[in-house]
Amino acid sequence: MFNAVIRRWFAWLVAALVVCSAGVAEASSGHKVPDLRQDPTKSTRSRAATIKIPLTVHIAASEEHPLATLRRLEQAIERANEALRPFQIEVVIHEIRQMPEGFGSITRRRDRRRIAQYAPTDGSVHVFMVDNLELRGGRRGDRSVRGLHWRYRGVLKRLRQREYVVVSGDAPATTLVHEIGHLFGLPHHDGEQNLMCSCRRGPLQIFTSGQGQTIRRGAAAFVGR
Ligand SMILES: [Zn+2]
């Protein structure tokens with residue numbers, strides 16, 4: 001009789017503990033879900049769809065010969081996707097165009113405006129691969145002479161919303177993704193291991209998770225506009 005009571009009580013206790021731990025599991029997962037969402041590398045992997053960014057690549061030419069090789073372009077795109085993958089963003093080539101003669105060297109404000117005519121607001125990111133890039137008289141924009149993110153800030157209707165990036169002939173493979181970072185809203189960063197540092201060197205630079213979130217917001221706004 002005593003044993004039977006003990007057994008029944010024990011069975012009840014086990015059942016109560018199971019219910020209780022289930023409650024705890026539910027409660028803790030209920031708390032953890034929002035935490036996971038704050039971590040872009042986890043939330044994007046499990047929940048968010050990949051944002052694909054089409055690139056229209058314009059290759060400058062001299063005497064009808066392209067001034068950049070497809071290999072250089074591929075390396076820059078591979079490097080960009082390596083950095084963007086943790087945030088579920090991918091850049092893909094939409095189209096490659098050869099530019100007319102006369103755009104191998106982009107140095108003056110006038111040159112930057114002239115190439116804007118080739119960068120209509122068509123849902124793609126326009127990338128110009130030129131031989132030489134200098135920022136003579138450029139008050140704003142990237143200080144580096146190997147890459148540039150240009151956005152029109154004036155009042156001319158024909159140039160409204162126009163923006164593009166330029167990569168020079170001596171740019172490292174990280175320049176394209178650095179400029180795409182600017183295009184999607186990132187400022188410079190001081191860390192040598194950060195892709196948004198002008199001081200970056202070597203193959204190991206990354207975006208922080210905070211930068212990844214900013215880029216993702218920028219990319220979503222870009223494809224949705
Ligand atoms: Zn920059």
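The structure is a predicted model, in which local features need pLDDT of at least 70 and side-chain atom pairs count only at pLDDT 80 or more, while totals for chains, interfaces and linings use all residues. Residues are numbered from 1 along each chain as its sequence is written.

The mean pLDDT (the predictor's confidence in each residue, from 0 to 100) of the protein chain is 82, and 76% of its residues reach 70 or more. Over residues 12–34 the pLDDT is below 50, and beyond near neighbours in sequence this stretch has zero contacts in the model, a contact being two residues whose C-beta atoms, placed from the backbone, lie within 7 Å.

Helices (H or I, at least four residues) and strands (E, at least two) are DSSP runs, numbered from the N terminus.

| Element | Mean pLDDT |
|---|---|
| α1 (residues 2–37), lowest | 45 |
| β5, highest | 98 |

Where pLDDT is low, the predicted coordinates should not be read in detail.

In helix α3 (residues 70–84), the buried residues (20 or more other C-beta atoms within 10 Å of their own, against 12 or fewer for exposed and in between for partly exposed, with C-beta atoms placed from the backbone) include Leu73, Ile77 and Leu84. The buried residues of α3 fall within an arc of 160° (that of the directions from the helix axis to the C-beta atoms), so they line one face of the helix. On the other side of α3, Leu70, Arg71 and Glu74 are exposed.

Arg216, in helix α6 (residues 209–224), counts as buried because it has 20 C-beta neighbours inside 10 Å.
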